[in-house]
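Please look through the sequence and the structure below before reading on. The report that follows takes up a few residues and elements in turn.

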Amino acid sequence: MIDEIECHRYLYKFLKGTITLSELEQWLYNHEELEEILGKSVYFELISRDYKNKYALEDTKKQIKGLINIGFFEQERIINSLEKLIDTSEGYLENLEALYDDYCDGYTFLRYIALVYITTSDEYIEVLKQDKVKLKDYSEKINKEANRILRFFANNELRIVIENEYIDIRELGDRIELHDINEMLAERSDC
């Protein structure tokens, strides 16, 4: 049985492109409980849609954007990415690249992490892929920053409200990525 959060999470994954339109269509048909979660009229509209129509993808995305709290799931995704940085070295550099993309899309609180990654030479990234010790040393300050950002989320000082937009009620001194970035990057001795 699917609950409302799991339903909305699935719809969010569709919006992010990790679930195809045909997978969404089958999911809708296979879960009758969605009628209660989404409401009869919304559910009926979704299961009645002609998913072969050339406008089906855009129409479905538009409808889903009006149904779910995208900010909640965006924040969950960013928090998961930051936690993954801290908890594992598996996929570390790929995760950094994804966080860099998130920074470019508007999450400026990720500036330090993004700039460390993007200023690391391609040659050194290849070294990091092969040398776990160097990767551990490289990741130390990044993980410290990830922990710092996670604390702000935990204290509701950072909150993502919609995709690529967030509320930042941190003290000015805590927004070091805005005023101390040169100092933060100067501490790095590698790459």
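Is Glu-90 buried or exposed? In this predicted model, Glu-90 counts as exposed because its relative accessibility is 64%, and the cut-off for that class is over 50%. Glu-90 is placed in the loop between H6 and helix H7, the latter covering residues 92-104.

## Glu-74 in helix H6

Helix H6 spans residues 70-87, and Glu-74 has its place within this helix. Glu-74 counts as buried because its relative accessibility is 0%, and the cut-off for buried is under 20%.

The side chain of Glu-74 makes a polar contact of 3.3 Å with the side chain of Lys-16, and a polar contact of 2.6 Å with the side chain of Tyr-107. If residues up to four places away in sequence are left aside, Glu-74 touches Tyr-12, Lys-16, Tyr-107, Ile-160, Glu-163 and Asn-164.

Strand E1, made up of residues 158-162, runs antiparallel to strand E2, made up of residues 165-168, and the two are joined by 4 bridges. Within this pairing, Arg-159 has Ile-167 in E2 as its bridge partner.

E1 and E2 form a hairpin with 2 residues between them, and Asn-164, which lies in the turn, has a positive phi of about 70°. Asn-164 is also one of the residues that Glu-74 touches, which links this turn to the helix described above.

Methods: Residues numbered from 1 in each chain as written. Predicted model: local features only at pLDDT ≥ 70, side-chain atom pairs only at ≥ 80, totals over all residues. Heavy atoms only, no water. Pairing = 2+ DSSP bridges. Buried < 20%, exposed > 50% of the residue type's maximum accessible area, 1.4 Å probe, protein only. Polar contact = N/O pair within 3.5 Å; in protein donor to acceptor, adjacent residues only side chain to side chain. Contact = heavy atoms within 4.5 Å.
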